[in-house]
Amino acid sequence: MDYQEYVGLEKNAIHSATDIWKEDLDRLGYFLVPNVLDRSTITKLQEAVDKAWNKQLKKYGEPLLRSIGDYGVARGLMEEDPIFFDLLTLPLVDKVLDFTVGPTSILHLQNGICLYPKEKHNQGRFHKDFAKDFISDKLLSINFFFILDPFNQQTGGTWIIPGTHKNTTMPSESFIEKNKIQITAQPGSILIFDSLLWHCSGENSTNKVRRAINHQYTRPFIKQQLNYPEMFKEKVDMESKLAQRLGLWAIPPRNVDEYRVSSPKLRTYRAGQG
Ligand SMILES: O=C(O)CCC(=O)C(=O)O
């Protein structure tokens, strides 16, 4: 490609596939990684999401879930099936977290999204998952959206508005209409996006459910959507990477005794977590 060069204007050099992801994430606010999960894992996850959602639908009831905008969202998935723990320790997730939010990132949420045919989903309105009125000079929060069914115009692939992670103001309706794009992707792909990016689910005009699993990771000083340390402290090895990702290394000391331990290394909010 031919273009003009200017004194003092640096070119963004690409040396690897990761550099392409970094540039896309910075300029557009997202990138898509195809073929991360194999067919048998996808099938197991589809079944596990269905089971978790149907159990929660029965437990909490449709009227409540609809009234709080939670219809079609299965929460606390790791309580429902241990298969969901595996998604936290995938090498790709580690790799991307290392160069984005950082190696001490913790899970903020893990939700199964079931987009039913012709249903108006609460996530169907444009929103940010990290809806703050400021922009940090370091990335604070990132999403990994695991795609379990085909994403296209008919099934209601996610709509995103590239570049909107850069502004604190909401885009206008005309900007949205002109610039929104719909993600098309195969099951097993992961849509990775800056949590400040405006996005929403599409409309499912097929006769089948469209499933996905949303994960959000933040720097460890940001509160989680659910108290994962409390939920899983008995279930995971405290010294494992999984424990760190669940926030078990970033718990504020409960009292002065827990703060005044003989070394910061012994604190429940461990040294070096940031
Ligand atoms: O279902 C989708 O396509 C988007 C879901 C979403 O916006 C969310 O979980 O925050």
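The largest nonpolar core of the predicted model comprises 50 residues, and those with the most contacts inside it are Val-49, Phe-146, Ile-147, Leu-191 and Ile-192. A nonpolar core is here a set of buried Ala, Val, Leu, Ile, Met, Phe, Trp, Tyr and Cys residues joined through C-beta atoms within 7 Å; a residue is buried if 20 or more other C-beta atoms lie within 10 Å of its own, exposed if 12 or fewer, and partly exposed in between, with C-beta atoms placed from the backbone. Two or more residues of this core come from each of α2 (39–60), α4 (77–80), α5 (91–99), β3, β4 (141–147), β7 (190–194) and β9. Helices (H or I, at least four residues) and strands (E, at least two) are DSSP runs, numbered from the N terminus. Residues are numbered from 1 along each chain as its sequence is written. Because the model is predicted, local features need pLDDT of at least 70 and side-chain atom pairs count only at pLDDT 80 or more, while totals for chains, interfaces and linings use all residues.

Six strands form an open, antiparallel sheet in the order β1-β7-β4-β9-β3-β2, where two strands pair if DSSP finds at least two bridges between them. Strands β4 and β9 pair in the antiparallel sense over 7 bridges, and Phe-146 has Ile-213 of β9 as its bridge partner. Phe-146 is also in contact (C-beta atoms, placed from the backbone, within 7 Å) with Ile-213 as well as Leu-37, Leu-87, Ile-190 and Ala-212, neighbours within four places in sequence being left aside.

Strand β7 is antiparallel to β4, over 5 bridges, and to β1, over 4 bridges. Phe-145 stands opposite Leu-191 in β7, and the bridge partner of Tyr-30 in β7 is Phe-193. Of the 5 residues of β7, 5 are buried, so the strand is largely enclosed by the rest of the structure. Both of its faces are covered, with Ile-190, Ile-192 and Asp-194 buried on one side and Leu-191 and Phe-193 on the other.

The residues around the ligand (C-beta atom, placed from the backbone, within 6 Å of it) are Ile-113, Leu-115, Gln-123, Asp-129, Thr-158, His-199, Cys-200, Ser-201, Ala-212 and Asn-214. At least two residues of this shell are supplied by each of β3 (106–115), β8 (199–200) and β9 (210–218).

Conventions: Contact = placed C-beta atoms within 7 Å.
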